[in-house]
Amino acid sequence: MVTQSRPTVGRNWWKTIGLLLWTIGSNAALAQTPATPTPPAESKKGAFVTAAHSDSTEGLHWFKGNLHTHSFWSDGNDFPEMIAAWYKDHGYHFLALSDHNVLSEGQRWIDEEEIHRRTQEDAIGKYRDRFGERWVEERKNPDTGHRQVRLKPLHEFGPLLNEAGRFLMLTGEEISDRAEGKPVHMNATNLQERIDPVGGVTVREALINNLRQVLEQERRLGRLILPHINHPNFGYALTAEDLAAVVEEQFFEVYNGHPGVNHLGDEQHMSVEQMWDLANAIRLSQLNAPPLYGLATDDSHNYHGINGASPGRGWVMVQAAFLTPEHLITALRSGHFYASSGVSLRAVRFDETSRTLTLEMPSEEGTEYTTQFIATLSPEAAGALPAADRIGIVVAEQQGNVATYTLTGTELYVRAVVTSSRPHPNPSYDGQRQQAWTQPVGWTLPPPN
Ligand SMILES: [Zn+2]
Ligand SMILES: [Zn+2]
């Protein structure tokens with residue numbers, strides 16, 4: 001059996017980090033100087049400073065959701081309401097369809113031949129079985145003569161599946177751009193109008209330009225819209241420095257269930273989790289910017305069999321009072337969530353007074369949990385330590401159903417990752433274990449000038 005461990009830190013890319021930490025300041029100016037709209041003040045500072053898990057949990061519920069999903073509206077291989085039904089049947093509370101550069105709206109027909117080519121299955125038959133003859137609309141295309149099935153827009157099928165407090169469909173788009181020959185993908189959840197990717201000279205500029213459009217729509221339409229950066233190691237498109245520099249972005253995918261996203265990196269590239277720590281080290285120690293929070297998503301494309309990017313691998317558990325887009329997004333922005341690839345947590349608490357992070361895992365016959373507390377040391381505490389010994393280091397490792405860590409005052413932040421002894425039932429990479437990632441806590445920002 002292959003054991004998944006954090007890759008060793010002795011790789012080549014660490015040698016360049018010391019230099020990068022000094023140069024990132026000037027690059028980051030790119031992100032800060034343009035006339036970018038400022039997100040609501042309360043989401044920037046005070047709320048973040050006391051982030052996460054210290055409030056009473058009375059009246060709050062855990063809601064399970066996936067924010068990254070593809071359907072026939074772009075390159076996924078099932079009807080959107082079939083996909084929504086899969087997630088609802090599997091205990092999810094919310095789902096965002098996030099097709100490439102399109103919202104599920106307007107008139108759209110898909111050729112039956114194309115359906116068969118993509119699914120190699122009787123997908124239309126399954127669709128009929130689930131929703132009935134009267135629901136499925138077919139026609140012969142008047143121009144081509146091809147048999148076609150209509151793709152329903154979200155506003156038509158959403159009401160069939162939505163249920164107060166039980167299941168909620170959200171709008172979404174994967175703003176799918178390219179720069180420097182690399183894919184630059186960013187999701188927007190709960191948007192109202194489609195956003196066209198606008199590109200940029202560099203990948204970083206493309207990220208900033210597209211993020212700016214999301215923030216502009218949020219402000220103009222007066223609705224909460226959640227942007228997040230997708231699969232940074234897909235095509236090795238983004239670096240930790242890119243993630244750090246886009247300071248108005250608060251979210252990225254620490255786990256994406258698509259098998260092609262290079263979750264663990266390689267000899268030349270750090271793992272996605274290591275990028276998270278380096279990006280947050282830069283943000284907190286150089287840019288006075290809040291850390292990135294980590295989401296887990298499916299990026300599901302394939303719904304017939306378990307091959308490819310199948311659903312059910314990555315999700316977020318959000319602690320909120322109500323199952324509405326606004327409550328979910330507000331809870332995510334406050335850090336009241338964790339990311340999971342299979343591990344459920346009974347509780348996550350950060351006590352501000354004692355500066356103690358506590359996790360509780362459910363008791364399950366035959367499952368053992370290992371919790372690693374991962375921190376980055378403050379520049380004062382780290383002194384002349386090399387980057388590998390101060391960024392994203394394991395400060396404690398505990399076995400069992402309760403894990404706890406009290407900050408010593410030397411950390412910029414601490415976060416926890418829980419790994420189950422159980423292998424993943426449908427792994428996206430070799431040797432994958434089921435895991436959960438909690439958000440960085442214990443960090444502070446200097447007061448605004
Ligand atoms: Zn993508
Ligand atoms: Zn995607």
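**Exercise 1.** What percentage of the 449 residues in the chain do buried residues make up?

*Solution.* The model is predicted, so local features need pLDDT of at least 70 and side-chain atom pairs count only at pLDDT 80 or more, while totals for chains, interfaces and linings use all residues. Residues are numbered from 1 along each chain as its sequence is written, and chains are lettered from A and ligands numbered from 1 in the order in which they are written. A residue is called buried if 20 or more other C-beta atoms, placed from the backbone, lie within 10 Å of its own. By that criterion, buried residues account for 46% of the chain.

**Exercise 2.** Find the residues that V414 touches, leaving out those up to four places away in sequence.

*Solution.* Contact requires that the C-beta atoms of two residues, placed from the backbone, lie within 7 Å. Under this rule V414 touches L357, F373, I374, A375, V395, Y405, L407, V441 and G442.

**Exercise 3.** Describe the open sheet and the pairing of β17 with β20.

*Solution.* Strands are DSSP runs (E, at least two residues), numbered from the N terminus, and two of them pair if DSSP finds at least two bridges between them. The sheet holds 9 strands in the order β7-β2-β1-β13-β14-β21-β20-β17-β18, with mixed pairing. At its edges lie β7 (168–170) and β18 (393–399), each of which pairs on one side only. Within the sheet, β17 (residues 369–377) runs antiparallel to β20 (residues 411–423) over 9 bridges, and L377 stands opposite E411 in β20.

Methods. A residue is buried if 20 or more other C-beta atoms lie within 10 Å of its own, exposed if 12 or fewer, and partly exposed in between; C-beta atoms are placed from the backbone. Helices (H or I, at least four residues) and strands (E, at least two) are DSSP runs, numbered from the N terminus.
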